[in-house]
Amino acid sequence: MSTLLELEGLTTSFPIEGKLVPIVDEVSLKIDEGKCLALVGESGCGKSMTALSILRLVPRPGVITSGEIRIDGRNILPYSVPQMRAVRGDDVSMIFQEPMTSLNPVTRVGDQVLEALRLHEKVSKKAAQQRGVALFKRVGIPDPEARFRSYPHQMSGGLKQRVMIAMALITKPRLLLADEPTTALDVTIQAQIIELLRELQRDFKTAILLITHDLGVVNQLADEISVMYAGRVVETGPRQKLLGSPSHPYTKGLLAALPSRALPGQPLFEIQGTVPSPKDWPEGCRFRGRCAEAREVCAASIPRLQDNPPGLTRTACFAREESP
Amino acid sequence: MSEVLLEVEDLCTWFPIKKGLLRKTVGHVRAVDGVSFRLEKGKTLALVGESGCGKTTVGRSILRLVEPRSGRVNYCGKDLLSLDERGLRPLRQEIQMIFQDPMTSLNPRMRVIDLVAEGIDNFGLATSPSEREDKVASVLKRVKMSPDQMGRFPHEFSGGQRQRIGIARALAVEPSLLICDEAVSALDVSIQAQILNLLGQLQDELGLSYLFITHDLSVVRYLADEVAVMYLGQIVEHAPVERLFTSPAHPYTQGLLEAVPSADPNTEAVRVAVLGDVPSPANPPSGCRFHTRCPQVFDRCPVEQPPVVVLPLGSARCHLLSDDGEGS
Amino acid sequence: MTDTSLSPALQALVSNSIVLLLIVGGVLGGRAIRKNDIWRGACSGLFARRRLSVIVVGLYVLVALADSISWVGGSAAGEDQVAAHEARSLIDRAFAGTKEKSYSAPFSKTEFYDKSPLRHPKKHWFGTDVLGLDVVYVTLKGAKVALLIGGLTSLITIPLALFFGMTAGYFGGKIDDAVFLLVSILASMPGILLLIVLIMVMGRSTLSVCIALGITSWVGFCRLSRGEAMKLRELDYVAAARALGASHTKILMRHILPNLMHLVVITFVLLFSSLVLAEATLAWLGIGVDGSWGQMIAAAKDELSRDPIVWWNIAPAGAALFFLLLAVNLVGDALRDVLDPRTLGERT
């Protein structure tokens with residue numbers, strides 16, 4: 001199993017009140033071919049910006065200030081714009097949260113899907129159309145020939161999301177970035193999309209970077225999970241280990257706060273305080289203001305992820321470093 | 001056991017579909033089509049369903065923010081739908097609403113004190129500016145916010161804090177019933193826990209009753225006493241919370257529960273039990289509205305609307321459960 | 001104002017009271033803005049972005065104010081008797097007694113055509129016009145006219161449009177249909193013709209020109225405020241207000257109107273610009289306001305075709321008009337950025 005995507009120390013910063021604040025702060029992660037890594041966190045943790053950084057679509061005035069992004073071992077950060085265009089949509093595709101605003105309302109759906117294909121491959125119109133309709137069928141869109149010629153407003157949210165997935169997969173990308181792909185969907189439709197993504201991952205051998213705040217969805221799709229807080233990865237590890245026995249205080253708190261984990265008759269577990277905004281990030285560990293286990297060293301230096309062997313979770317927490 | 005605070009009977013709210021230059025009404029979106037339920041004092045009834053089921057419209061119809069077409073909404077014996085605006089006004093103090101989106105539920109140009117005091121001002125509950133300020137301070141403290149924040153504007157607060165301000169605004173007029181319209185859906189998990197705990201506390205302290213409208217079943221299991229599941233404008237199942245989760249009667253409820261992804265690594269994966277997309281509320285399917293997506297559909301379903309079948313605990317609308325229906 | 005029905009003393013009184021009102025209004029407005037974080041942030045943002053333009057507009061306003069502070073009497077020697085009984089402003093008095101017989105070139109010693117010596121040789125920076133009036137003087141007086149056209153008309157137009165648009169958007173239904181019909185009818189009429197007819201009917205005083213311009217320009221802002229009101233009424237905080245017992249009037253005053261104010265400010269500034277230009281067109285047709293730059297420019301068309309060319313009338317008038325409108329438009333664009341409710345959170 002080779003490593004498809006590797007981020008090493010990626011830092012993306014934005015100028016806030018005169019200073020450059022690292023919204024994505026030295027994030028390192030790895031996705032192997034055909035595997036799914038979930039990047040989990042609450043709003044403002046930097047997970048979406050990490051995905052945009054991979055495609056080098058960081059909105060101005062943000063800028064990638066350091067680190068490397070390696071696809072198949074090649075660092076794509078120094079790539080020129082034409083080189084990046086060849087990567088986007090071909091090697092790496094992205095699907096977004098809001099199916100309503102991700103599709104062009106005045107173009108037929110099929111044309112939008114084909115646009116993605118014909119930007120990267122030389123195919124005749126007829127062959128492209130055939131591939132498109134076949135893919136529509138594969139992603140579970142009923143009546144695919146007719147739907148190919150529909151406009152977005154004629155389709156439901158679930159169908160539009162399927163179209164987005166088709167658009168992303170038509171060039172057979174090696175990596176799919178899925179930014180909250182099911183958040184805007186109803187639960188029954190979400191289940192359908194989750195099942196679809198699973199099947200497609202199996203059949204197309206596409207690696208997926210799943211970005212979401214929903215731990216339930218993560219549990220359905222991910223092989224590995226990385227938890228982010230205030231721009232940093234605080235814990236990472238295999239799905240079962242991380243969800244079953246979380247280590248970092250934030251991960252533990254997040255799981256304990258889920259209503260499904262509530263003990264009967266007891267109030268829900270609360271993580272004290274609120275997520276600080278980037279201009280108020282404290283020195284040292286950014287979670288320390290809300291952590292029950294905070295100690296002096298947490299203010300003095302930044303905790304790093306442990307160097308554990310694969311198969312175990314790695315935590316960035318001083319309170320965990322005492323026990324081997 | 002307790003008294004019935006709110007009784008909704010056969011509520012129907014339809015929205016006209018207008019087309020053409022002269023805006024003729026060509027049809028109706030039957031957002032709420034015959035909904036009945038009861039809410040007892042001090043209890044929480046959850047109204048659950050996916051988009052287009054009408055649950056938000058039920059909440060707005062009770063407050064007459066939209067006008068229902070027919071039915072009765074009895075609050076402490078008085079039918080809210082039969083009153084004119086003047087008769088309705090004093091009762092407005094009793095029923096308040098908390099909204100989903102913390103970004104649009106507060107007027108961005110008003111300070112917190114004026115936002116929270118809006119009801120106090122309208123109903124004349126404070127006789128002097130200092131009394132007004134005291135009342136606002138006390139209700140802010142109740143929602144665990146510091147009173148010295150009352151001079152600020154909404155954009156200075158986070159989503160969770162704005163939700164608290166919205167709750168404070170509703171509490172300021174001392175209501176008995178709170179309609180929570182997806183009140184925690186737009187919040188992060190950790191903030192959601194804080195707000196849910198706050199709501200639970202307030203219910204204990206003030207004896208409030210909640211009509212909790214949501215699509216999130218895990219929240220329902222934690223907070224509600226009773227649950228009513230809606231689909232395309234109708235209640236398809238109504239049950240005490242534990243019964244609903246342990247032995248759901250209606251195929252839609254079953255499918256819904258199976259579709260919720262659990263974060264527990266040791267449980268089974270989600271199952272797709274409900275196929276296809278939700279039909280349009282402007283054109284609901286014939287007979288049982290769920291028949292187009294039901295895994296247990298049989299020949300009677302498209303033909304006849306299923307009756308409300310009373311079960312040992314609660315009720316459900318399904319041919320499979322009625323006496324002369326065929327079970328599978 | 002060239003309204004001849006008021007006596008000079010009364011004219012002066014009206015003028016001075018308006019100046020006083022404006023100053024008092026400005027001070028009160030400034031105090032209110034300073035207390036409100038949102039508007040204060042907007043003002044400082046505006047000043048930071050377009051300092052020069054704001055200052056330029058300010059200078060024009062000062063000139064217009066100076067031209068409005070007037071009183072009767074006290075004429076200097078060498079002036080005609082009529083002047084002693086008219087209400088004359090500060091600017092009038094500053095240029096008292098500078099009248100020549102007819103045209104003269106800038107800084108010239110002699111009259112332009114018959115070469116007779118001037119009474120004040122080399123003193124006229126931009127020469128004199130056909131009546132012998134110093135061109136700088138006439139240009140400065142045009143400032144008041146321009147500001148009056150833009151300001152007074154906007155004052156008529158905007159509340160009218162706001163009222164109709166807000167109620168149409170908020171209430172919907174029949175009220176909306178009625179307003180929509182009215183707006184569509186007005187918008188379908190050719191603006192210039194309507195203006196001409198109105199002015200013919202109402203006469204050519206400044207007030208009637210302002211009213212006519214007002215009637216033909218309120219439609220745009222009406223549509224805008226109607227659209228905004230429709231959006232606003234769907235927001236949760238309006239629903240919350242209804243649940244909290246607010247009457248429709250209260251909701252309009254407390255929730256809808258304050259959230260339209262940023263549009264009002266932007267529209268005021270941008271409408272100003274188009275109104276002044278509209279008056280210039282009217283002046284070209286001969287029905288503009290007396291003393292406006294538009295009129296000076298219109299009169300120049302004859303002067304430019306003479307030989308030798310008389311260019312010193314149109315140049316300052318055109319330049320004054322251009323720079324005022326440029327400054328106003330720049331301020332208007334900056335205002336639009338600064339008052340956008342979406343950027344509220346970012347600025348404070």
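**Exercise 1.** In this predicted model, determine which residues A:Thr188 touches, leaving aside residues up to four places away in sequence.

*Solution.* The criterion is a C-beta separation within 7 Å, with C-beta atoms placed from the backbone. Under this criterion, the partners of A:Thr188 are B:Glu50, B:Gly255, B:Leu256, B:Ala259 and B:Val274.

**Exercise 2.** Locate A:Thr188 in the secondary structure of chain A, and decide whether the residue is buried or exposed.

*Solution.* First, A:Thr188 belongs to helix α8 of chain A, which spans residues 187-204. Next, its C-beta neighbours inside 10 Å number 24.

**Exercise 3.** State how far A:Thr188 lies from A:Leu39, in sequence and in space.

*Solution.* Along the chain, 149 residues separate A:Thr188 and A:Leu39. In space, their C-alpha atoms are 23 Å apart.

**Exercise 4.** Describe the contact between chains A and B, with attention to the side supplied by chain B.

*Solution.* Begin with the totals: chain A contributes 38 residues and chain B contributes 32 residues. On the chain B side, at least two residues come from each of α7 (189-206), α8 (217-223) and α10 (251-259). The largest share, eight residues, is that of α7(B). By residue class, this side comprises 17 nonpolar, 11 polar and four charged residues.

**Exercise 5.** Report the confidence scores of the model and of chain C.

*Solution.* For the model, ipTM is 0.85 and pTM is 0.85. For chain C, the mean pLDDT is 84, with 93% of its residues at 70 or more.

Technical notes. Residues numbered from 1 in each chain as written. Chains lettered and ligands numbered in written order. Predicted model: local features only at pLDDT ≥ 70, side-chain atom pairs only at ≥ 80, totals over all residues. Contact = placed C-beta atoms within 7 Å. Helix = DSSP H or I, 4+ residues; strand = E, 2+ residues; numbered from the N terminus. Nonpolar A, V, L, I, M, F, W, Y, C, P; charged D, E, K, R; others polar. pLDDT = per-residue confidence, 0-100. Buried ≥ 20, exposed ≤ 12 C-beta atoms within 10 Å, placed from the backbone.
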